[in-house]
Amino acid sequence: MDFSPGVSYFFGQLSKAFFAPGSHASLLSLAGALLIALGFLFVRRYRKGRRIRVKTMLRALFPRHIVTSKSTLADLGYFYFNIFLFGLIFGWALLSYEVVSHSVAEVLTAAFGARQPSALPAYVYRTAITILLFLAYELGYWLNHYLSHRIAFLWEFHKVHHSATVLTPLTNFRVHPVYMCVFLNILALFIGTANGFGDYIFGQSTRQYVLSENNIILVFFIYVYVHLQHTQLWISFTGWLGHLFMSPAHHQIHHSRNPAHFNKNLGSCLALWDWMFGTLYVPAAEPEKLEFGVEPDRPNAHTIRGELIAPFGRAALLLKHLVERLPQAAPLPAPEQKRA
Ligand SMILES: [Zn+2]
Ligand SMILES: [Zn+2]
């Protein structure tokens, strides 16, 4: 059996993930996150008048109990699994972004008539569509995340992400393929609709600004703090900033086992949608004591059986209970017996 196409596909995906500058796992963005984390620790220790030593800083960034945790090992497995699978899942998305976008533009044209191509300079409408698509991405992300927490069936597949007991940038990739599939379809719907709307308004097909096919504003956030959301570093935005942006502390609150924090901070880079829909929890400036994970003593946490396969069984059981509770059709009356 020839495995070489699979092997070259895997290495192709891996090099795209690490070396495409706009990728979610680019080495450049990870280096950026590391620099910001070092800067944060430096300032914190300096303000407290503590000695600044490289060894202490490295120990604070990579604590042994996190690096050697079973949870981190599972995150690593998920990272490789999803790098390999992502291209394939992408093809599973039932809704296509292009089809949605085209349909929305056509419906608007049929309803309100065709518009003349915009006379504005290209950078103006390209900037507008870049912002619009970023907001649509964030709203789609929020809705998918909200549904994943609120619908028991979907929660079974999202729980995998929450079963991490320590957070590292790799935890970002700890997602179940079913979660990813639902997410991509919801994104196609939101981004496709926004793009079709933009095309109609500007009277022509308008392209957003991208880096390695990723929205440039999203890439900015990946470089600045998305990686730090899955760390133990309490970098918190408070006040008005905390109402607009999802700081690392916001997302750590999202992973907390404290019931007061359940179903809060569902956004990706922005806190704006959480604020609007009442799911925002602005973290304090000083660190809160948090524990992460969902079921601390689950025997199969961090294993393939417990995290990839078991969610199918639990979700099927939920569906079965749901079907059983549906009102049953009334039995037909027995035909009257003919008298002899
Ligand atoms: Zn969640
Ligand atoms: Zn997370």
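**Ground rules.** I number residues from 1 along each chain as its sequence is written, and letter chains from A and number ligands from 1 in the order in which they are written. Since the model is predicted, local features need pLDDT of at least 70 and side-chain atom pairs count only at pLDDT 80 or more, while totals for chains, interfaces and linings use all residues; side-chain values use heavy atoms, with hydrogens and water left out.

**Overall.** I looked up the secondary structure and got 14 helices and 2 strands (DSSP runs numbered from the N terminus: helices are H or I, at least four residues; strands are E, at least two). Of the 340 residues, 42% count as buried (under 20% relative accessible area with a 1.4 Å probe, protein chains only). For contacts with a separation of 6 or more, 75% come from residues 24 or more positions apart (contact means heavy atoms within 4.5 Å).

**Helix pair.** I checked α8 (residues 152–162) against α14 (residues 304–325): the angle is about 170° and the axes are 9 Å apart. The two are therefore roughly antiparallel (angles over 145 degrees, on a scale from 0 to 180 between N-to-C directions). Axes here are lines fitted to C-alpha atoms, for helices over the stretch in contact. On the α8 side I noted Ala152, Phe153, Glu156, Phe157, Lys159 and Val160; α14 brings Glu307, Pro311, Phe312, Arg314, Ala315, Leu318 and Leu319. The contact splits into 9 nonpolar, no polar and 4 charged residues (nonpolar: Ala, Val, Leu, Ile, Met, Phe, Trp, Tyr, Cys, Pro; charged: Asp, Glu, Lys, Arg; polar: the others, Gly among them).

**Cavity.** I found 1 cavity of 30 Å³ or more (a set of points on a 1 Å grid over the protein atoms alone where a 1.4 Å probe fits but cannot get out). The largest cavity holds about 30 Å³. Its lining is Ser148, Leu154, Phe157, His158, Val178, Tyr179 and Val182 (lining residues have an atom within 4 Å of a point). I count Phe157 in this lining and in the α8 contact with α14.

**Pocket.** The second largest pocket has about 740 Å³ of space (a pocket is an open set with protein on both sides within 12 Å along at least five of seven lines). I listed 25 lining residues, with Phe40, Arg44, Leu233, Trp234 and Pro287 nearest the centre. α2 gives the largest share, 4 residues.

Notes
Grid points are joined across faces, edges and corners, and a volume is the space filled by probe spheres set on the points. Angles under 35 degrees count as roughly parallel, over 145 as roughly antiparallel, 65 to 115 as roughly perpendicular and the rest as oblique. Buried means under 20% relative accessible area, exposed over 50%, partly exposed in between (1.4 Å probe, protein chains only).
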